[in-house]
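Please keep the sequence and the structure in view while reading.

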Amino acid sequence: MTVNDLPIVAFFKHLLDPFIIWSTLILTAWLYDEDFTSYYLVLVIITFFVSTYIYERILIYRNWRKGRLFAYMRDTVVGWLMIIAILVFLGYATKFHNQFSPQVLLTWFIVTPLMLIASHITVRSIVTNLYNRGKLRSAIVIGANENSLAFIRHIAELPFLLISYQGFFDERSSSRIAAGNFGSQSDESDDPTSAATITRPDDFGSRLGGLDDVVPYIQKHNTEMVFISLPMSSQPRIQKLMDELPDTTSSIYFLPDIYIFDLMQARFEYIGDTPVVAMNESPFIGIDGVVKSVSDFVLALLIIILLSPVMACIALAVRVTSPGPVIFKQRRYGLNGEEIIVYKFRSMTVTEDGATIQQAKQNDQRLTKIGGFLRRTSLDELPQFFNVLEGKMSIVGPRPHAVAHNELYRKLIKGYMLRHMAKPGITGWAQINGWRGETDVLEKMKARIEHDLYYLKNWSIWLDLWIIFKTVWIVLRKDNAY
């Protein structure tokens with residue numbers, strides 16, 4: 001999936017448009033009291049592939065994205081007429097046209113483009129509302145040159161990308177940038193013939209500082225997207241940035257000169273019409289994020305309903321066996337490194353949440369009478385399904401660590417903060433592979449982080465289901481959670 005597909009265009013291409021086309025056919029058949037036979041199912045499948053190909057070729061989604069409403073409506077109708085022509089040709093060529101009701105097909109042919117246009121206009125109004133309410137992803141650019149200038153202009157021209165450009169970082173002063181010295185980020189290169197001239201120094205927006213100011217700015221403002229636009233001659237500077245940026249949760253992209261890259265060797269994405277290369281990106285962007293959130297909410301709700309008697313019994317047992325609150329609340333890092341409050345059934349006599357927190361260990365004297373049992377069976381984690389309903393956690397994802405532990409390990413393990421590019425989970429890939437419980441040595445935490453990053457790089461809904469299944473099986477057999 002490309003950045004251009006995020007989040008609205010992907011929604012159209014992969015979910016909304018196929019649903020509109022299929023549901024219109026099914027509804028039409030039902031209205032005419034026509035049986036929905038296997039031939040109609042084949043028609044649905046063929047239409048999906050043909051419509052995807054046609055609409056991609058006539059750039060219907062680009063016109064929608066750029067706000068060309070009448071051009072988009074024209075392309076929708078023209079594209080649908082091309083789809084009808086192909087379907088009619090295939091129907092007569094295979095002699096399957098007699099298997100369908102002419103009334104159903106004619107009504108479907110007429111109503112479908114109207115439904116597509118209406119649905120897109122509705123979604124467009126929703127996106128406009130999001131834009132007006134400031135529901136945007138914050139972005140910065142590193143490097144002032146022709147590529148970055150074109151990119152900045154694209155963001156300004158395409159508000160439906162929902163990106164808020166904050167400014168740029170560059171080693172040179174605004175006066176040198178305005179003079180047209182684009183050729184290099186090094187102080188030694190001042191050849192004005194290597195780049196074009198910018199007539200206004202504010203074309204790039206606000207200069208936020210030099211390269212050494214990037215990471216502090218991101219950490220202070222929780223910037224979500226970083227676009228690096230430095231020349232290849234600045235490779236040491238790029239490498240320095242890539243060593244420092246993993247200590248943030250920003251999605252990182254590179255704005256390349258497409259003429260010096262072998263496109264077969266790089267995964268290009270697009271912001272508007274500007275090509276970029278994704279370097280660090282969350283897997284839960286666009287339609288994948290929708291799938292993840294919906295599946296989390298549905299599963300969490302079902303689990304809470306099914307296990308509510310069990311949770312009520314545990315709450316009563318915690319209350320009766322030891323003084324203190326039933327629910328232990330602790331600050332953890334959530335999505336993008338933001339602090340969240342995570343719920344657990346209290347299993348200890350202490351409720352630590354300060355600058356120094358001692359991890360639970362085997363035969364820990366702080367455990368309550370039922371605390372050891374709750375932790376071994378992970379029943380103490382059940383209240384976190386309410387965190388999932390709140391949208392703060394996922395059922396599957398990197399396990400959240402206490403804030404004090406995050407601040408400790410982010411300094412010791414390179415790329416540690418990348419695990420926060422996803423919502424923390426109740427269970428995860430690391431936990432079902434044995435990296436659950438106390439991390440008394442650094443190597444254990446490193447192994448856990450390696451597994452977390454593997455999960456983020458290889459996520460699929462099927463991997464989530466496998467992890468849930470393995471968790472139920474493993475957690476009752478292992479005892480390395482204290």
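## A buried asparagine and its surroundings

Asn 406 counts as buried, since its relative accessibility is 0%, and this residue belongs to helix H13. In this model, which is a predicted one, the side chain of Asn 406 comes to 3.0 Å from the backbone oxygen of His 401. Once residues up to four places away in sequence are set aside, Asn 406 touches Tyr 333, His 401, Tyr 416, Arg 419 and His 420.

Two of the residues touched by Asn 406, namely Tyr 416 and Arg 419, are also related to each other, for Arg 419 lies over the face of Tyr 416, at 5.6 Å from the ring centre. Arg 419 is also in contact with Asp 452, which, leaving aside neighbours within four places in sequence, contacts Pro 398 and Ala 430 as well. Asp 452 is part of helix H15, and with a relative accessible area of 2% it is buried, because the cut-off for that word is under 20%.

## The protein as a whole

The protein has 482 residues, of which 49% count as buried, and its secondary structure comes to 16 helices and 11 strands. Of the contacts between residues at least 6 apart in sequence, 73% join residues that are at least 24 apart.

In soluble globular proteins, nonpolar side chains tend to be buried together. The largest nonpolar core here holds 39 residues, and the members that touch the most others are Phe 345, Phe 385, Tyr 416, Tyr 455 and Ile 467. At least two residues of this core come from each of several elements, including helix H10 (287–321), strand E9 (339–345), helix H13 (403–409), helix H15 (442–457) and helix H16 (461–475). Apart from this core lies another, of 23 residues, with Leu 25, Tyr 40, Val 104 and Val 127 among them.

Phe 345 shows what the contacts of one such member look like: not counting residues up to four places away in sequence, Phe 345 touches Met 311, Ile 314, Ala 315, Val 326, Ile 327, Leu 374, Leu 379, Asp 380, Leu 382 and Pro 383. Leu 299, which has its place in helix H10, counts as partly exposed at 32% relative accessibility. Beyond its neighbours up to four places away, Leu 299 touches Ile 395 and Ile 468, and although Leu 299 and Ile 395 are 96 residues apart along the chain, their C-alpha atoms are separated by 8.2 Å.

Where do the buried residues of H8 fall when the helix is seen down its axis? Helix H8 spans residues 214–221, and Val 214, Val 215, Tyr 217 and Ile 218 are buried in it. These buried residues fall within an arc of 160°, so they line one face of H8. They are covered by elements that include strand E1 (137–142), strand E2 (163–169), strand E3 (207–209), strand E4 (225–228) and helix H9 (235–244). After H8 comes Asn 222, which has a positive phi, near 55°.

Helix H9 has Ile 238, Leu 241 and Met 242 as its buried residues. Around the axis these cover an arc of only 95°, which puts them on the same side of H9. An α-helix has 3.6 residues a turn, so residues three or four places apart point the same way. The buried residues of H9 pack against E1, H8, E4, strand E5 (251–254) and strand E7 (274–280).

## Aromatic pairs

Across the whole structure, a search finds 12 aromatic pairs. One of them joins Trp 108 and Phe 109 in a tilted arrangement, with 5.6 Å from centre to centre and 35° between the planes, and both of these residues are buried. Another, between Phe 169 and Tyr 217, is edge-to-face, with 5.4 Å from centre to centre and 70° between the planes. This second pair links distant parts of the chain, with Phe 169 in strand E2 and Tyr 217 in helix H8, 48 residues apart, and Phe 169 and Tyr 217 are both buried. Ring pairs also link Phe 36, Tyr 40 and Phe 100 into a cluster, and Tyr 40 is among the residues of the core of 23 residues.

Conventions. Residues numbered from 1 in each chain as written. Predicted model: local features only at pLDDT ≥ 70, side-chain atom pairs only at ≥ 80, totals over all residues. Heavy atoms only, no water. Core = buried A, V, L, I, M, F, W, Y, C linked by side-chain atoms within 4.5 Å. Buried < 20%, exposed > 50% of the residue type's maximum accessible area, 1.4 Å probe, protein only. Helix = DSSP H or I, 4+ residues; strand = E, 2+ residues; numbered from the N terminus. Contact = heavy atoms within 4.5 Å. Arc of directions from axis to C-beta. Phe/Tyr/Trp six-rings, centres within 6.5 Å; stacked < 30°, edge-to-face > 60°. Lys NZ or Arg CZ within 6 Å of the ring centre and 35° of its normal. Polar contact = N/O pair within 3.5 Å; in protein donor to acceptor, adjacent residues only side chain to side chain.
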